[in-house]
Amino acid sequence: MTSRSDVLRNVMLETSTTQSDLSRLSGVRQPSISGFLSGNVDISDDMLDRLLSCMGFRLEVVRRPVVPELTRSERRSWQLHRRLSTLLNRESFKEWRPTIEHNLDRLGNRVTGQPHERNLERWRQLVDRGDVPGMHRILTGLDRDSIEMREVSPMSGLLPDDQRREVLHLAS
C-alpha cells in the first residue's frame with residue numbers, strides 16, 4: 001500500500017514540481033509540504049487531493065474489505081468481545097459496571113509494564129465516562145490499538161457461559 005506522502009512525492013517527481021512550486025501553486029506553506037513528504041505531519045485525503053490537483057492529478061481512493069491477519073488468540077478474543085458487544089447497552093452497562101470496576105482493580109494489581117498499564121487506564125476512563133460507544137469500538141475493533149486494549153480487558157465474567165462456550169466452539 002502506498003502512503004499518502006509517497007503519492008505526493010511520486011507526483012511531484014513525475015511533474016518536476018518542487019516544494020516551493022507546490023507551495024506557490026496551492027497556497028500551502030512549504031514547511032507543511034515538507035512535513036507531509038517526510039511523514040512527520042499527517043495529510044488528509046482532502047489535502048492530498050488538493051495538492052495533486054495543482055499538479056494536474058486527482059486522488060482516487062479505493063476502498064475494499066480485507067481480512068486482517070490475527071493470531072489465533074487475537075481472533076478468539078475479538079470473537080468473544082464482539083459477542084459481548086451485542087449485549088452492551090446503557091442498561092447492561094449499569095448492571096455490569098460493578099463487575100467491570102472490580103476487574104479493573106484486580107487487573108491494576110497484576111498488570112505491569114507499558115502499554116498494558118496505559119491501556120488499563122484508558123479502560124478506566126471509558127468506564128468512568130460511561131462511554132458505551134467507545135467501549136463498542138474497542139470490543140469490535142480490529143486495529144492494533146483495540147487488540148492491545150482487549151489484552152487487558154476488564155470484561156471477564158460478563159458473557160453468559162452458554163454464549164461463551166458457543167463462541168469458543170465456533171472459534172476452534
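Author: Let us begin with Ser 5, which lies in helix 1 (residues 4-14); helices here are DSSP runs of H or I with at least four residues, strands are runs of E with at least two, and both are numbered from the N terminus. This is a predicted model, in which local features need pLDDT of at least 70 and side-chain atom pairs count only at pLDDT 80 or more, while totals for chains, interfaces and linings use all residues. Residues are numbered from 1 along each chain as its sequence is written, and side-chain values use heavy atoms, with hydrogens and water left out.

Reader: Is Ser 5 buried or exposed?

Author: Buried means under 20% relative accessible area, exposed means over 50%, and partly exposed is in between, with a 1.4 Å probe and protein chains only. Ser 5 counts as buried because its relative accessibility is 14%. Leaving out residues up to four places away in sequence, Ser 5 touches Phe 36 and Leu 37, where contact means heavy atoms within 4.5 Å.

Reader: How is the packing of two helices described?

Author: Two packed helices are described by the angle between their axes and by the distance between those axes. The axes are lines fitted to C-alpha atoms, for helices over the stretch in contact, and the angles run from 0 to 180 degrees between N-to-C directions. Helix 2 (residues 19-26) and helix 3 (residues 30-38) pack at about 120°, with axes 9 Å apart. Angles under 35 degrees count as roughly parallel, over 145 as roughly antiparallel, 65 to 115 as roughly perpendicular and the rest as oblique; helix 2 and helix 3 are therefore oblique to each other.

Reader: What is the handedness of the crossing of helix 2 and helix 3, and which residues make the contact?

Author: A crossing is left-handed if the near helix is turned anticlockwise from the far one by less than a right angle, and right-handed if clockwise. The crossing of helix 2 and helix 3 is right-handed. Helix 2 contributes Gln 19, Ser 20, Leu 22, Ser 23 and Ser 26 to the contact, and helix 3 contributes Gln 30, Ile 33, Ser 34 and Leu 37. These residues of helix 2 and helix 3 comprise three nonpolar, six polar and no charged; Ala, Val, Leu, Ile, Met, Phe, Trp, Tyr, Cys and Pro count as nonpolar, Asp, Glu, Lys and Arg as charged, and the others, Gly among them, as polar.

Reader: How are helix 6 and helix 7 oriented to each other?

Author: The axes of helix 6 and helix 7 cross at roughly 155° and come within 11 Å, and the two helices are therefore roughly antiparallel. Helix 6 passes helix 7 in a left-handed crossing. Among the residues in contact are Phe 93, Ile 100 and Leu 104 of helix 6 and Leu 120, Trp 123 and Val 127 of helix 7. By class, the contact of helix 6 with helix 7 has seven nonpolar, one polar and five charged residues.

Reader: Which residues have the most contacts inside the largest nonpolar core?

Author: A nonpolar core is a set of buried Ala, Val, Leu, Ile, Met, Phe, Trp, Tyr and Cys residues joined through side-chain atoms within 4.5 Å. The largest has 21 residues, and those with the most contacts inside it are Leu 88, Phe 93, Ile 100, Trp 123, Met 135 and Met 155. Helix 6 (90-110), helix 7 (116-129) and helix 8 (132-140) are the elements that give two or more residues to this core, and helix 6 gives the most, with five. A second, separate core of 13 residues includes Val 28, Phe 36, Leu 51 and Leu 52.

Reader: Where is Leu 52 found, and which residues does Leu 52 touch?

Author: Leu 52 is found in helix 4 (residues 45-53) and is buried, because its relative accessible area is 1%. Beyond four places in sequence, Leu 52 touches Val 7, Leu 8, Val 11, Phe 57, Arg 58 and Leu 59. Leu 52 and Val 11 are 41 residues apart in sequence and 7.3 Å apart in space, C-alpha to C-alpha.

Reader: Which backbone features deserve attention?

Author: Most residues other than glycine have a negative phi, and most peptide bonds are trans. Ser 16 has a positive phi of about 55° although it is not a glycine; Ser 16 is found in the loop between helix 1 and helix 2. The peptide bond from Gln 114 to Pro 115 is cis, with omega near 5°, and Pro 115 is found in the loop between helix 6 and helix 7.
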